[in-house]
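Trainee: I have just opened this model and would like to take a close look at a single part of it. Could you walk me through it slowly?

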Amino acid sequence: MKKYPKMIFKSTSIKKLGKDRYKLQGNLTVHGVTRSVSIDLWYRGMATNPMNKITSAGFQLTGNLKRSDFAIGSKFPPPIIADDVDIKS
């Protein structure tokens with residue numbers, strides 16, 4: 001982890017799919033490897049922080065990555081750790 005302490009995502013486009021639903025495209029760099037990824041976004045609303053008065057938008061995101069695309073966990077066979085990784089935040 002010392003060699004690659006960060007994951008970096010840089011968006012390249014966003015497309016509205018329907019009411020409060022979007023498709024976010026971008027480049028994800030993990031473990032020194034950059035790949036194009038697609039993430040589904042669900043707009044959940046706006047809220048204002050009562051302490052600092054800053055308004056923020058909330059989104060739920062979902063997607064799927066393959067460990068092998070980013071050269072992660074190659075020492076572990078798929079029966080132990082799946083190659084497909086579901087992401088939900």
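Mentor: Happy to! Keep in mind that this is a predicted model. Lys 53 counts as exposed, because its relative accessibility is 61% and the cut-off for exposed is over 50%. You will find Lys 53 in the loop between strand 3 and strand 4. Its backbone deserves a look too. Most residues other than glycine have a negative phi. Lys 53, however, has a positive phi, near 65°.

Now follow the chain to either side of that loop. Strand 3 covers residues 33-48 and strand 4 covers residues 55-66; the two run antiparallel and are joined by eight bridges. To see the pairing for yourself, look for Leu 41, which stands opposite Leu 61 in strand 4.

Ala 57 and Gly 45 are twelve residues apart in sequence, yet their C-alpha atoms are 5.8 Å apart in space. If you set aside neighbours within four places in sequence, Ala 57 is in contact with Tyr 43, Gly 45 and Met 46. With a relative accessible area of 43%, Ala 57 is partly exposed.

The model has an open sheet of five strands, in the order 1-2-3-4-5, with antiparallel pairing. Strand 1 (8-18) and strand 5 (84-88) are at the edges, and each has a single partner strand, so one side of each is left without a neighbour in the sheet. From one strand to the next, the twist averages 25°.

Let us move to the strand 1 end of the sheet. Strand 1 has eleven residues and the number buried is zero, so this strand lies largely in the open. Nine bridges pair strand 1 with strand 2 in the antiparallel sense. One of the pairings to look for is Lys 16 with its bridge partner Tyr 22 in strand 2. These two strands form a hairpin with two residues between them, and Asp 20 in the turn has a positive phi of about 65°.

The next loop along, between strand 2 and strand 3, holds His 31. His 31 is not a glycine, but its phi is positive, at about 60°. Its relative accessible area is 34%, which makes His 31 partly exposed.

What about the inside? The largest nonpolar core has six residues: Leu 28, Val 30, Val 33, Val 37, Leu 65 and Phe 70. Strand 2 (21-30) and strand 3 each supply at least two residues of this core.

Finally, turn to the ring of Trp 42. The charged end of Arg 21 sits over this ring, 4.3 Å from its centre. Arg 44 also lies over the face of Trp 42, at 3.7 Å from the ring centre.

So, to return to your question, Lys 53 is exposed, and the loop that holds Lys 53 lies between strand 3 and strand 4.

Definitions and conventions
Residues numbered from 1 in each chain as written. Predicted model: local features only at pLDDT ≥ 70, side-chain atom pairs only at ≥ 80, totals over all residues. Heavy atoms only, no water. Pairing = 2+ DSSP bridges. Helix = DSSP H or I, 4+ residues; strand = E, 2+ residues; numbered from the N terminus. Axes fitted to C-alpha atoms, helices over the stretch in contact; angles between N-to-C directions. Core = buried A, V, L, I, M, F, W, Y, C linked by side-chain atoms within 4.5 Å. Buried < 20%, exposed > 50% of the residue type's maximum accessible area, 1.4 Å probe, protein only. Lys NZ or Arg CZ within 6 Å of the ring centre and 35° of its normal. Contact = heavy atoms within 4.5 Å.
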